[in-house]
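Trainee: Hi! Could you walk me through this one while I have it open?
Mentor: Happy to, let's take a look together.

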Amino acid sequence: MIFEYLIYLIIILFILNFFNKKLNKFKKIYKNNGLDGVWFYFINKNIKKTGLSNFIDKKKNILGKKIEKLSKGKILYGPYSGTKIFNSYGWSNIDFAAKYLGTYESQIQKKIIFMSKKLKLKNFVDLGAAEGYHIVSVLKKNYFLKGFAYEINKRSRDLLKKNSIANKVFSKISIHSNATFESLKKNLNKINQTQTLFLIDIEGNEFNLLNDTFCNYFSKCYFIIEDHKFNIKNKKKINNFYKILKKKFKLEIINDISKNPFDFKILDEFSDDEKYLMMSEGRPQTMRWIILYPKN
């Protein structure tokens with residue numbers, strides 16, 4: 001029994017000594033550099049363990065949850081304001097601060113709405129719809145009468161359905177999985193192409209989908225395509241893709257834009273670093289979108 005107590009005492013002394021050393025270290029850092037120094041120490045330790053990119057993603061995820069709570073799960077600003085968005089799972093959690101703030105792809109939001117009004121469009125086809133950020137919002141705001149969503153990930157499709165029900169647009173939307181020429185041709189055979197806008201965000205698969213056959217068949221439609229040429233190693237394939245588009249459509253290019261976090265009163269109590277992180281959409285490089293208009 002005495003031996004056991006002795007072992008416990010040694011363990012307790014070891015633990016106390018360990019924490020005492022850590023405490024003294026933090027006291028020294030605080031004395032020399034203040035709270036910023038202690039925070040910087042923790043950041044460096046985390047970065048060394050998980051990598052800078054992983055650390056940033058974790059921080060963005062935390063910030064997204066904070067904004068979700070503050071916004072009560074609704075988009076706060078911009079054309080999509082008022083749309084309810086659940087982000088329990090799905091394509092990504094690291095860009096949800098930008099989504100709840102309404103800054104996510106804000107230039108594309110405005111372009112969709114501008115084209116809808118100017119061209120009197122009625123049908124919205126969203127390839128790579130994820131949780132439904134765009135398609136649910138434009139249907140809720142009555143910019144389009146009918147929506148066709150394609151999302152290959154089942155969990156994201158389930159979340160898309162949940163968001164469409166929460167925003168009372170489920171009756172306006174049809175949800176599908178894989179977008180191929182055959183599936184699109186079958187599901188869209190009754191729509192008026194001259195009143196239809198495609199939004200395409202399929203991580204590089206646009207270079208496979210938009211071939212001569214596809215572009216000939218859907219030549220009367222309008223398109224907004226997120227350009228993922230950095231995902232394609234075959235330069236010939238890239239050049240051929242642009243060649244087909246230029247032959248069939250009139251092109252316009254939209255580049256990503258900066259967002260000012262100081263425009264949002266709700267972010268006043270966040271640090272500058274946190275504000276700018278919440279503007280980030282996690283892009284690998286400056287993004288651009290290709291806008292296609294029918295030639296005839």
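This is a predicted model: local features need pLDDT of at least 70, side-chain atom pairs count only at pLDDT 80 or more; totals for chains, interfaces and linings use all residues.

Mentor: On its surface, K72, K74, K84, K140, K141 and K168 form a positive patch.

Trainee: Where does K74 sit, then?
Mentor: K74 is in the loop between α2 (52-71) and α3.

Trainee: What is the phi of K168?
Mentor: Positive, at about 60°, although K168 is not a glycine. E105 also has a positive phi, near 50°, and is a residue other than glycine.

Trainee: Where do I find E105, and is it buried or exposed?
Mentor: Look in the loop between α3 (96-101) and α4 (106-119). E105 is buried, with a relative accessible area of 3%.

Trainee: Changing topic: how many helices and strands does the chain have?
Mentor: The protein chain has 11 helices and seven strands. Of its 296 residues, 44% count as buried.

Trainee: And what is its accessible surface?
Mentor: About 16,900 Å², with 56% of that belonging to carbon and sulfur atoms.

Trainee: Last one: what share of the contacts with a separation of 6 or more comes from residues 24 or more positions apart?
Mentor: In the protein chain, those residues account for 75% of such contacts.

Notes. Residues are numbered from 1 along each chain as its sequence is written. Side-chain values use heavy atoms; hydrogens and water are left out. Helices (H or I, at least four residues) and strands (E, at least two) are DSSP runs, numbered from the N terminus. Buried means under 20% relative accessible area, exposed over 50%, partly exposed in between (1.4 Å probe, protein chains only). Patches are made of residues with over 30% relative accessible area and no salt bridge: like charges are joined within 9 Å, nonpolar side chains (Val, Leu, Ile, Met, Phe, Trp, Tyr) within 5 Å. Accessible areas come from the Shrake-Rupley method with a 1.4 Å probe; for residues, only the protein chains shown count as cover. A salt bridge is a side-chain nitrogen of Lys or Arg within 4 Å of a carboxyl oxygen of Asp or Glu. Lys and Arg count as positive and Asp and Glu as negative; His and the chain ends are not counted. The place of a charge is taken as NZ of Lys, CZ of Arg, CG of Asp or CD of Glu. Contact means heavy atoms within 4.5 Å.
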